[in-house]
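Colleague: I have a model on screen and a list of things to ask. Can you take me through them one at a time?

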Amino acid sequence: MKFTKMHGAGNDYVYVNLFEETLPTEAPALARAVSDRHKGIGGDGLVLIEPFENADARMRMFNLDGSEAEMCGNAIRCVAKYLYDHGIAKKDNLQIQTGTGLLHLELFPENGIVERVRVNMGEPILESAKIPTLLAGDPPVNATLIVGGMELQVTCVSMGNPHCVTFVDELTDDLVLKIGPQIEKHEVFPRKINAEFIQVISPEEFNMRVWERGSGETMACGTGASAVAVAGVLTGKMSRKVTGHLLGGNLELEWSEETNEVFMTGPATEVFSGEWNG
Ligand SMILES: N[C@@H](CCC[C@H](N)C(=O)O)C(=O)O
């Protein structure tokens with residue numbers, strides 16, 4: 001099976017082009033095998049690029065533990081780059097089907113290569129039952145969550161997949177690596193959740209670390225950064241147009257007052273290609 005390794009702001013996945021390839025095993029088991037950083041290719045998970053009627057392609061993404069997520073913001077930029085650079089859809093505007101529906105993307109090619117992509121991430125889902133969370137509020141904003149003996153004020157938003165955003169004074173390993181996994185599996189999140197920890201620098205800028213559902217700490221999360229942009233407005237901490245500084249790079253976010261949609265712009269990078277014989 002031929003594969004391509006790509007990353008968006010350091011959030012790295014193994015991409016398989018199902019326009020040409022077939023999978024040697026079921027996707028969840030393959031995701032676990034290829035993601036292994038010692039015995040596999042190494043990555044945060046597996047992304048499948050498939051033909052889809054009335055769209056340029058369909059994206060399916062599997063976390064490192066084999067669980068399938070509804071959406072991945074960093075991966076969808078890389079899928080757009082792949083479709084363009086590899087000549088599958090040589091267009092500046094693409095439509096890609098995801099677990100949350102059809103998304104629209106704008107590509108910015110330079111000398112025939114795409115390095116940045118703008119994604120219309122759609123409208124945030126703010127009803128607690130749909131996020132889903134048992135916390136009260138539509139959505140829960142600054143809701144109290146007791147985790148590991150700590151009392152956190154959290155704001156929950158779904159961008160198709162669920163996010164729990166905590167604004168903190170300092171981004172520490174203890175918060176991300178010890179509290180993050182406990183938030184992910186907390187009983188108030190029936191489908192588990194991605195946990196973002198945010199240090200606000202100014203109304204237009206924030207630092208972010210993330211513990212992802214099914215993958216652990218990653219260098220960036222595009223749906224997470226989009227959820228943060230929404231949470232920043234809901235809590236009155238940030239403007240509608242913000243820049244997120246993540247461990248692997250920056251993402252530009254805008255929550256449009258006119259359309260209620262979130263727009264995310266960021267990098268997409270191809271690293272290497274190879275053949276998987278496992
Ligand atoms: N890294 C992603 C999100 C991947 C899925 C997530 N771990 C989940 O299970 O919801 C992004 O860039 O959005």
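This is a predicted model: local features need pLDDT of at least 70, side-chain atom pairs count only at pLDDT 80 or more; totals for chains, interfaces and linings use all residues.

Colleague: Is Glu212 buried or exposed?
Modeller: A residue is buried if 20 or more other C-beta atoms lie within 10 Å of its own, exposed if 12 or fewer, and partly exposed in between, with C-beta atoms placed from the backbone. Glu212 has 27 C-beta neighbours inside 10 Å, so it counts as buried.

Colleague: Which strand holds Glu212?
Modeller: Strands (E, at least two residues) and helices (H or I, at least four) are DSSP runs, numbered from the N terminus. Residues 205–212 form the strand with Glu212, and that strand is β13.

Colleague: Where is Arg213 found, and what does it contact beyond four places in sequence?
Modeller: Arg213 is found in the loop between β13 and β14 (216–218). It is buried, because 27 other C-beta atoms lie within 10 Å. Leaving aside neighbours within four places, its contacts are Asn63, Glu184, Lys192, Ile193 and Asn194.

Colleague: Which residues does the UniProt annotation "binding site" cover?
Modeller: The entry is unreviewed. UniProt positions are given in the numbering used here, feature names are shortened, and annotations may be inferred rather than shown by experiment. According to that record, the positions are Asn11, Asn63, Gly73, Asn74, Asn161, Asn194, Glu212, Arg213, Gly222 and Thr223.

Colleague: Which residues come nearest to the ligand?
Modeller: A residue is near a molecule if its C-beta atom, placed from the backbone, lies within 6 Å of it. There are 17 residues around the ligand, and those that come nearest are Ala69, Asn74, Asn161, Gly222 and Thr223.

Colleague: Which element gives the largest share of the shell around the ligand?
Modeller: Two elements give two or more residues to this shell, α2 (73–85) and α4 (222–234). The largest share is 3 residues, and it comes from α4.

Colleague: Where does the ligand shell lie relative to the domains?
Modeller: Domain bounds come from an automatic or database domain assignment. It gives domain 1 (2–120 + 266–275) and domain 2 (143–260). Both domains give residues to the shell around the ligand, so it lies between them.

Colleague: How far apart are the C-alpha centres of domain 1 and domain 2?
Modeller: The two domains touch, with 21 residues from domain 1 and 20 residues from domain 2 in the contact. On the domain 1 side, α2 and β17 (262–267) each supply at least two residues. The distance between the C-alpha centres is 23 Å.

Colleague: What is the phi of Ala9?
Modeller: Most residues other than glycine have a negative phi. Ala9 is in the loop between β1 (2–8) and β2 (11–17). Although it is not a glycine, its phi is positive, about 55°.

Colleague: Is the peptide bond from Ile131 to Pro132 cis or trans?
Modeller: Pro132 is in the loop between β8 (113–122) and β9 (143–147). Omega of the bond from Ile131 to Pro132 is near -15°, and the bond is cis.

Notes:
Residues are numbered from 1 along each chain as its sequence is written. Two residues are in contact if their C-beta atoms, placed from the backbone, lie within 7 Å.
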